[in-house]
Number of protein chains: 6
Amino acid sequence: MKYGARNQIDAKVTGIQKGGLMCKVKLEIPANSIMNSVMTIESVEDLGLKEGDQVKAIVKAINVLLVRE
Amino acid sequence: MKYGARNQIDAKVTGIQKGGLMCKVKLEIPANSIMNSVMTIESVEDLGLKEGDQVKAIVKAINVLLVRE
Amino acid sequence: MKYGARNQIDAKVTGIQKGGLMCKVKLEIPANSIMNSVMTIESVEDLGLKEGDQVKAIVKAINVLLVRE
Amino acid sequence: MKYGARNQIDAKVTGIQKGGLMCKVKLEIPANSIMNSVMTIESVEDLGLKEGDQVKAIVKAINVLLVRE
Amino acid sequence: MKYGARNQIDAKVTGIQKGGLMCKVKLEIPANSIMNSVMTIESVEDLGLKEGDQVKAIVKAINVLLVRE
Amino acid sequence: MKYGARNQIDAKVTGIQKGGLMCKVKLEIPANSIMNSVMTIESVEDLGLKEGDQVKAIVKAINVLLVRE
């Protein structure tokens, strides 16, 4: 299986927070870094996500903004 | 300085590839992982980006797609 | 500090509306125009945003859709 | 006609720059501010865009990133 | 009226689900396929959307991710 | 395999157009409708895409803009 996106990061689900419609999934990626993904609750349920699950975090390169501080 | 986004990753520029209008910037992030960002050439020039520069890669959580393989 | 995006608009926060997980921030930009930004409540809290604050609204050019009426 | 997006800005086309596949359209918005939109060349041709045209720039609120400097 | 996006799909609203701030609109497209759109509740109200309404679903090509299974 | 997105459309590749850095992939979806996806050339090569291939087109619901004409 292959994804047409430049960023594909292995991640572990470490938390799931639900709102009324949307959901925030907290992820641990290599080097103990943290990422977050927001999707609909319906999508979280379709994926059957729970803490500890291994997932892939996909981000199209166009959605990465670079900042120089 | 603070960003209204859930994903803020320290990165080092390891390569810059130009097209006619757009540019792909290759990044090294912790744990020797690789990320890529696509923006206009004009933005790369405004940032004055070159190999070896330290930047921050910002991604809104809504733009992170999770996949379970 | 520099941003790798073609649209960088000075704005003043004129209202913040919270949902269960997400937040809508109302902005005033030059010429008395109005913009809105949606992000997680967690991001609003990290920014410490409140009415009257000056911020910068960043939009990558790829996210601007043109319509001819 | 109505758009399901929180940001709808009247704009005038002030320049069009073509790459191999993509196109950058420069826009003037109220208060002499500048915006830019990137789309495929094919979309620019479908719109029949040329300098001086009046358009509407649509941005979903989720695509607006706030930064506090 | 013309849109600067490569994907313009005729759709019928078949359901609207509200959260605290955001709204999910369920759509039927040709061949009995289903699509979904998420926007602010405020946008749904501006559009005056209700079940049975005909709308156009616009997606910029850059936001379409291809996957090979 | 499962995707955390509300829109997952079966599609057939009917054309690939390359720019300097980016690529536009033309797709046929059910009911003889047409979609397009833009990604980096590098992503097209990773997928090994060619005309006739079956793929899945994934779109997060937040990236679907509704318009009422």
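In the predicted model, a salt bridge links B:Asp53 to A:Arg68, and the closest N and O atoms of this pair are 2.3 Å apart. Across the interface of chain A and chain B, 4 salt bridges are found. Polar contacts across this interface involve 18 residue pairs, with both residues at pLDDT 80 or more. On the side of chain A that touches chain B, two or more residues are given by each of strand 2 (7–18), strand 3 (22–29), strand 4 (33–40), strand 5 (54–59) and strand 6 (65–68) of chain A. Strand 4 of chain A provides the largest share of that side, with 6 residues. Sorted by class, the side of chain A that touches chain B consists of 24 nonpolar, 5 polar and 6 charged residues.

The size of an interface is often expressed as the accessible area lost when the parts come together. Between chain A and chain B, the buried area is about 3200 Å², and carbon and sulfur atoms give 60% of it. Within chain A, the residues that lose the most area to chain B are A:Leu66, A:Val67 and A:Arg68, which together make up 22% of what that side buries. The contact draws 35 residues from chain A and 35 residues from chain B.

Strand pairing also connects the chains. Strands of a sheet pair through backbone hydrogen bonds, in either a parallel or an antiparallel sense. Strand 6 of chain A runs antiparallel to strand 5 (residues 54–59) of chain B, and 3 bridges join the two. Within this pairing, A:Leu66 has B:Ala57 as its bridge partner, while the bridge partner of A:Val67 is B:Lys56. Strand 6 of chain A also pairs with strand 1 (residues 2–3) of chain C, in the antiparallel sense and over 2 bridges. In that strand of chain C, C:Lys2 stands opposite A:Arg68.

An open sheet is formed by 6 strands in the order 1(B)-6(D)-5(C)-2(C)-3(C)-4(C), with antiparallel pairing. Its edge strands are strand 1 (2–3) of chain B and strand 4 (33–40) of chain C, each of which pairs on one side only. Inside chain C, strand 2 (residues 7–18) and strand 3 (residues 22–29) run antiparallel and are joined by 6 bridges. C:Ile16 stands opposite C:Val25, a residue of strand 3 of chain C.

E:Gly15 is located in strand 2 (residues 7–18) of chain E. This glycine is classed as buried because its relative accessible area is 14%, under the 20% cut-off. Apart from neighbours within four places in sequence, E:Gly15 contacts E:Lys24, E:Val25, E:Lys26 and E:Glu51. E:Glu51 is 36 residues away from E:Gly15 along the chain, yet the C-alpha atoms of the two are separated by 5.7 Å.

In chain D, D:Asp10 belongs to strand 2 (residues 7–18). D:Asp10 counts as partly exposed because its relative accessibility is 49%, and a residue is exposed over 50%. The C-alpha atoms of D:Asp10 and D:Lys56 are separated by 4.8 Å, with the two residues 46 residues apart along the chain.

Definitions and conventions
Residues numbered from 1 in each chain as written. Chains lettered and ligands numbered in written order. Predicted model: local features only at pLDDT ≥ 70, side-chain atom pairs only at ≥ 80, totals over all residues. Heavy atoms only, no water. Helix = DSSP H or I, 4+ residues; strand = E, 2+ residues; numbered from the N terminus. Buried < 20%, exposed > 50% of the residue type's maximum accessible area, 1.4 Å probe, protein only. Contact = heavy atoms within 4.5 Å. Buried area = accessible area lost by both parts, 1.4 Å probe. Salt bridge = Lys/Arg side-chain N within 4 Å of Asp/Glu carboxyl O. Polar contact = N/O pair within 3.5 Å; in protein donor to acceptor, adjacent residues only side chain to side chain. Nonpolar A, V, L, I, M, F, W, Y, C, P; charged D, E, K, R; others polar. Pairing = 2+ DSSP bridges.
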